[in-house]
Amino acid sequence: MSLFKNAFDATRRIVRGCTCGQHDSQDAHERALRAESVEAAQHEETRYGRIVENAVMRALFPRDAQRRLFLQQVGASTAMAAISSLLPIAAATEAFAQAVPEKKDLKVGFIPITCATPIIMAHPMGFYSKHGLNVEVIKTAGWAVIRDKTLNKEYDAAHMLSPMPLAITMGVGSTATPYTIPAIENINGQAITLSVKHKDKRDPKSWKGFKFAVPFDYSMHNYLLRYYLAEHGIDPDTDVQIRAVPPPEMVANLRADNIDGFLGPDPMNQRAVFDGVGFIHILSKQIWDGHPCCAFAASREFVTQTPNSYAALLKGIIDATAFASNPDNRKQIAEAIAPANYINQPVTVLEQILTGTYADGLGSVQRDPKRIDFDPFPWDGFAVWILTQMKRWGQIKGDVDYAGIAKQVFLETDTTKLMKEAGLTPPTPGSKTIVVMGKSFDASKPEDYVKSFAIKRT
Amino acid sequence: MTLPLNIRAFVLSLAIFAVFLMAWHVATQSGGGAPAANIDPEYAKLMGQQVTQGKSAMPGPLDVGKTIWGHLKDPFYDKGPNDKGLGIQLAYSLGRVLLGYALAVLVAVPLGFLIGLSPLISKALDPFIQVLKPISPLAWMPLALYTIKDSSISAIFVIFICSVWPMLLNTSFGVSAVRREWVNVARTLEVGPMKRALTVILPAAAPTILTGMRISIGIAWLVIVAAEMLVGGTGIGYFVWNEWNNLSITNVIVAITVIGLMGMILDQTLARLQRAVTYPD
């Protein structure tokens, strides 16, 4: 197929093999890089060292190509020595690891779904206390409540759906309050679950008249389901009904035949299978592999007024995410987060989700270790994609400052504040490729992307 | 020959309860589908009992009894902010209800008195009361969360707003319906207005006021469960929500039973108070 690729399309590669040339395919290349970074993430010093080094290198070389050129020309070890002599990387790492938090007792809200795994597990597994924090993780009944409680400052930070801080910042569906996403919690990890009575209706074209549930209007679930339906020629507003239903009510509604299916967070998908009321049609990674879902969100006020508490909290989350990204630890995590104080689900259900060896509800066992994965970096391309979908479905109208809002919510806080303090930044935009159902997305041309869809509400 | 009415009623109650338990037990035994035959053992290990053994999703009375016993054995455990014993949850709910309710009494009784005594104020406030009274207390929740900016105070506010109306209306009705002769006699005896209100009107209106208070406590207890399900955190309503989240019907039934019993105790307490202030005409 690569023979027919458009050679003048800047977003596609025409060279065989990977970008660095050392591996057979891009996939092998990414696997190798990933193995190396997981290795580094296992040890605390190297982990913080990596974060600080990343921040410094990004500040020195805003364009990734320059950095690589520089490294190729002088060699990695010379470069490291040269930069270390100019900038106190070791001291910065130390400062990042040791700042004293202004406020030790923090409250973090979460919704009991597996997306919140890093936030939750950091409590029983001691990642918060390791950074000198006394964090209470508080279970909350729904997205609107978690939003209001965070806006009320009852929570210092909270688990949110990643579109929510964008909506809050723009004042869509709430009063405008500057919000930030310092870390994405999970990638993938959602699924379309259908009622067992639809076992034979696997073609979305036959779904006209279905009633679907999604957790919230401003959720990746809503946008992914709409995208998926629209790609199959089903208009999500007129051909089917999509309602916002809190996750815990999804399985109950499916059992009661109130809905035909849902694109929901786990553990609800697996729970529907476990209780014999639904089957997993597809995993959300089959729509967009590597999509963000939930986020760790904090108000800009918390970030700027208590920077050390914020940094310590973020470090706890980063530690937890690093721990969770190792597949060997997943069983242990499932046990830690299953009790009533946390997710409150059978361990078997959580294990299936986290290990990716799961019953699909149709009688077979599927294996997909990347069913859910944990990667904290909030690429601003994610934000731009979310904004394009908000625009596409008429949640926001008029001209949208895609890049501006994305930077403000997903990036800017970290670069301005934490860079100065200690040196934590998410990766620079541009290096992440986003492909949704085979269609690649160029974050620099959001308006064209919105226009390219046949079914839209603009 | 015939036993006293109370004892017969009690025996009949027990019999009804026993029949109910039997019916429930039988219904859950046969419910659910037949155990699925020939499933892959690896697949079966990943599935729940409803699928592998054809167990009904509805728990039987024995399961519920076992769970109740488990809660009774250890009602005050505290395993972190999201998992506390049934006793602690009940105490939280009760605390909220009593606080909101006490505030409502403080506002409704004096205001009701005023309305009952003055036809002018009664007429002037009537449209407001008529509009505010039928609003579902939970509809206040988003507004309360937004303005008060504290979820537990919001819950107390919701209790306050739902229990204030029956008390207000009953108090004003009770006060305005006090026999004219009694007030006139007091006036002839030159009893001051304050003393008249406390020694003549209050005792005369007390049974009606207590009726209002009894209606209110019932409503407050109804509402707290819903409010806590909405806001979460602590309380018996949160307990129901948390167990619903886990689709644990057993625990939900346990909670329903506890809520019912607690509501009965609250109602009976006020009924006793009411009897204490009732006078023969």
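How many residues does the contact take from chain A and from chain B? The answer is 31 from chain A and 31 from chain B. Contact here needs C-beta atoms, placed from the backbone, within 7 Å.

A word on the model. It is predicted: local features need pLDDT of at least 70, side-chain atom pairs count only at pLDDT 80 or more, and totals for chains, interfaces and linings use all residues. Residues are numbered from 1 along each chain as its sequence is written, and chains are lettered from A and ligands numbered from 1 in the order in which they are written.

Back to the interface. On chain A, the side that touches chain B draws at least two residues from each of β2 (134-139), α8 (143-151), α11 (247-255), α12 (268-274), α16 (347-355) and β12 (357-359). Helices and strands are DSSP runs, numbered from the N terminus: H or I of at least four residues for helices, E of at least two for strands. By class, that side of chain A has 14 nonpolar, ten polar and seven charged residues. Nonpolar covers Ala, Val, Leu, Ile, Met, Phe, Trp, Tyr, Cys and Pro; charged covers Asp, Glu, Lys and Arg; the others, Gly among them, are polar.

Now chain A itself. It has 19 helices and 16 strands. Of its 458 residues, 50% are buried. Buried means 20 or more other C-beta atoms within 10 Å of a residue's own; exposed means 12 or fewer; partly exposed is in between; the C-beta atoms are placed from the backbone. For contacts in chain A between residues at least 6 apart in sequence, 75% join residues at least 24 apart.

Look at α9 of chain A, residues 163-170. Eight of its eight residues are buried. Among them are A:P163, A:M164, A:P165 and A:L166. Just after α9(A), A:G171 has a positive phi of about 75°.

Next, A:L254, in α11 of chain A. Why is A:L254 counted as buried? Because it has 26 C-beta neighbours inside 10 Å. Outside four places in sequence, its contacts are A:S195, A:I259, A:F262, A:A272, A:V277 and A:G278. A:A213 is 41 residues away in sequence, yet 9.3 Å away in space, C-alpha to C-alpha.

Chain B is next. It has twelve helices and zero strands. Its C-alpha trace spans about 90 × 65 × 35 Å along the principal axes. Buried residues make up 32% of chain B.

One helix pair in chain B. The axes of α5 (residues 86-117) and α11 (residues 236-245) come within 7 Å and cross at roughly 130°. So α5(B) is oblique to α11(B). Axes are lines fitted to C-alpha atoms, for helices over the stretch in contact, with angles from 0 to 180 degrees between N-to-C directions. Under 35 degrees is roughly parallel, over 145 roughly antiparallel, 65 to 115 roughly perpendicular, the rest oblique. B:L86, B:Q89, B:L90 and B:S93 meet B:I236, B:G237, B:Y238 and B:F239.

Last, the largest nonpolar core, with 178 residues. Such a core joins buried Ala, Val, Leu, Ile, Met, Phe, Trp, Tyr and Cys residues through C-beta atoms within 7 Å. A:F212, A:A297, A:I337, B:V158 and B:I159 touch the most other members. Helix α10 of chain B, residues 193-231, gives the most, 15 residues.

Methods:
Contact = placed C-beta atoms within 7 Å.
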